[in-house]
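Please look over the sequence and the structure shown here before reading on. The paragraphs that follow lead through selected parts of the chain.

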Amino acid sequence: MTQAEIKLCSLLLQEHFGEIVDKIGTHLIRTGSQPLRAIVHGTGTSLDQVKKALCVLIQHNLVTYQIHKRGIVEYEAHCSRILRILRYPRYIYTAKTLYSDTGELIVEELLLNGKMTMSAVVKKVADRLTETMEDGKTMDYAEVSSTFCRLADTHFVQRCPLVPDPPESAEAQPPPPAPTLSINEKDMYLVPKLNLIGKGKRRRSSDDDAAGEPRPKRPKQTAESKEPMPDDGIYWQANLDRFHQHFRDQSIVNAVANRMDQTSSEIVRTMLRMSEITTSSGAPFTQPLSSNEIFRSLPVGYNISKQVLDQYLTLLADDPLEFVGKSGDSGGGMYVINLHKALASLAMATLESIVQERFGSRCARIFRLVLRKKHLEQKQVEDFAMIPAKEAKDMLYKLLSENLISLQEIPKTPDHAPSRTFYLYTVNSLSAARMLLRRCYKSIANLIERRQFETRENKRLLEKSQRVEAILASMQATGAEEAQLQEIEEMITAPERQQLESLKRNVNKWVPLVLPQLLARSFGRFLGGMGDQRSYIFQAL
């Protein structure tokens with residue numbers, strides 16, 4: 001784990017959860033698994049604050065716990081999950097694209113709260129949607145519940161593990177120091193039967209407060225009068241791996257559309273949609289699908305004949321990139337999508353584009369040549385790339401210094417004499433992936449720090465701007481004249497307005513860099529444990 005990665009995790013925790021949670025989380029990232037007393041001693045924080053911080057981190061799936069052999073509970077922070085906070089806007093936007101505003105708010109509530117019951121999510125989303133509707137219109141609980149069921153059916157939300165019921169023979173035994181959570185895979189997406197009757201409610205307006213009339217006191221609800229909901233104890237969370245699988249499928253579809261045509265991409269999209277639930281996110285291939293099944297599952301209104309479909313499938317299977325492969329002849333032909341092969345090709349194309357954008361087309365030609373030929377000497381690079389020796393040498397050393405290519409020595413004799421040693425250039429995909437990760441982590445961390453610095457430096461100006469906007473909003477609500485509004489707007493001078501625009505541009509600069517960071521994270525997902533299958537490190541793109 002690099003320092004840039006730890007620094008970025010610390011900034012994200014501080015920005016979203018505060019300084020205390022940041023201190024506890026960063027300490028666990030640096031030290032690994034720690035018991036509660038060691039965390040208190042290592043951070044110099046009170047026991048009560050450490051407990052609350054750990055509760056927040058566990059609630060958001062950023063920290064897990066396990067029982068040690070000696071009965072001690074140890075807590076461990078997961079850096080990869082903390083970095084996923086950067087993708088939260090993309091998760092929410094994907095839910096909005098697939099399931100409209102209702103799905104967007106459901107996923108947003110689950111991401112903001114970590115874990116929630118279905119009834120609580122439905123009521124809160126219905127209230128929020130009702131607030132945005134016209135007067136007299138409300139959102140029905142049943143409609144929000146239907147969207148939640150669709151999200152569960154497509155595995156975008158899933159149940160959280162529960163504490164299993166203890167066996168009857170274990171009643172006399174002392175309880176464990178921490179509960180062990182578990183859930184059956186078949187129950188992970190099972191939606192409880194709820195009869196949610198009602199509609200969203202609007203917040204009370206401030207008219208009564210302005211008139212000075214006191215609000216009637218609500219009767220206190222005792223524990224006996226407040227009945228628990230039928231789904232009490234069944235919590236749900238966003239299935240982030242399912243979102244990543246959707247991003248992966250979209251990348252493959254877009255690549256096929258760019259390489260061939262829209263019909264080919266629609267066929268691949270249909271195949272991916274048919275196997276999106278039956279195929280795990282880490283599988284190298286999708287489930288085999290027959291030509292007849294694919295033809296029946298094509299979108300309604302997509303008018304292509306069975307013969308044309310077979311021709312397209314044959315064309316996709318014969319393509320050199322091997323995105324689609326044929327696995328049998330039954331059912332008109334069985335076809336699969338080679339996920340690892342497709343995403344490895346996309347990742348290599350991304351690396352080539354990075355080299356071309358940073359170092360020019362000639363460096364990209366050399367990089368592409370070394371990538372295809374695996375191992376080349378300097379003289380071979382000059383000859384194959386048809387570039388003068390001096391320029392080729394400079395470009396090779398430039399790529400070598402940036403860790404985009406590596407130099408491998410193969411000595412003829414044990415003394416490693418330079419005159420009797422072959423020097424071969426090769427592309428080390430692991431090294432290139434780590435380099436991209438470090439740069440993306442460092443860049444995002446620098447941009448977040450710069451944004452915080454700009455906000456602190458212009459704090460007084462921002463507060464003045466907020467006060468002016470509040471005054472303008474209140475005067476517009478009371479029907480003020482245009483001259484009065486203009487006078488209020490002139491409270492912010494032209495230089496101050498220009499400074500605010502510049503601050504807004506600088507603050508928003510960090511957002512576009514999230515996409516390169518996502519790309520880099522996908523490179524690093526399979527960095528370890530893959531042996532010689534290095535192309536598979538790009539599986540999560």
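**Strands, helices and a surface patch**

Thr-117 has Tyr-235 in β6 as its bridge partner. This is a predicted model, in which local features need pLDDT of at least 70 and side-chain atom pairs count only at pLDDT 80 or more, while totals for chains, interfaces and linings use all residues. Residues are numbered from 1 along each chain as its sequence is written, and side-chain values use heavy atoms, with hydrogens and water left out.

Strand β4 and strand β6 (residues 235-238) run antiparallel and are joined by two bridges. Two strands are said to pair if DSSP finds at least two bridges between them. Strands here are DSSP runs of E with at least two residues, and helices are runs of H or I with at least four residues, both numbered from the N terminus. The open sheet that holds these strands has three members in the order β4-β6-β5, with antiparallel pairing. Its edge strands, β4 (116-117) and β5 (157-159), each pair on one side only.

A second open sheet has three strands in the order β7-β9-β8, again with antiparallel pairing. Strands β7 and β8 stand at its edges with a single partner strand each, so one side of each has no neighbour in the sheet. Strand β7 (residues 289-290) pairs with β9 in the antiparallel sense over two bridges, and Ser-290 has Met-334 in β9 as its bridge partner. On the other pairing, strand β8 (residues 324-328) and β9 are antiparallel and share four bridges. Here Val-324 stands opposite Ile-337 in β9, and Gly-325 stands opposite Val-336 in β9.

Are the faces of strand β9 covered or uncovered? Both faces of β9 (residues 334-337) are covered: Met-334 and Val-336 are buried on one side, and Tyr-335 and Ile-337 are buried on the other. Buried means under 20% relative accessible area, exposed means over 50%, and partly exposed lies in between (1.4 Å probe, protein chains only).

The C-alpha atoms of Thr-314 and Tyr-335 are separated by 9.5 Å, and the two residues are 21 residues apart along the chain. Thr-314 belongs to helix α13 (residues 306-317). Because its relative accessible area is 38%, Thr-314 counts as partly exposed.

Ser-100, a residue other than glycine, has a positive phi near 60°. Ser-100 lies in helix α6 (residues 88-113) and is partly exposed, with a relative accessible area of 42%. Lys-374, also a residue other than glycine, has a positive phi near 75°. Lys-374 sits in the loop between α15 (361-373) and α16 (378-385) and is exposed, at 53% relative accessible area.

Which residues form a negative surface patch? The patch consists of Glu-482, Glu-487, Glu-489 and Glu-490. Patch residues have over 30% relative accessible area and no salt bridge, with like charges joined within 9 Å; a salt bridge is a side-chain nitrogen of Lys or Arg within 4 Å of a carboxyl oxygen of Asp or Glu. Glu-487 is part of helix α20 (residues 482-489). Glu-487 counts as exposed because its relative accessibility is 57%.

How values were computed: Patches are made of residues with over 30% relative accessible area and no salt bridge: like charges are joined within 9 Å, nonpolar side chains (Val, Leu, Ile, Met, Phe, Trp, Tyr) within 5 Å. Accessible areas come from the Shrake-Rupley method with a 1.4 Å probe; for residues, only the protein chains shown count as cover. Lys and Arg count as positive and Asp and Glu as negative; His and the chain ends are not counted. The place of a charge is taken as NZ of Lys, CZ of Arg, CG of Asp or CD of Glu.
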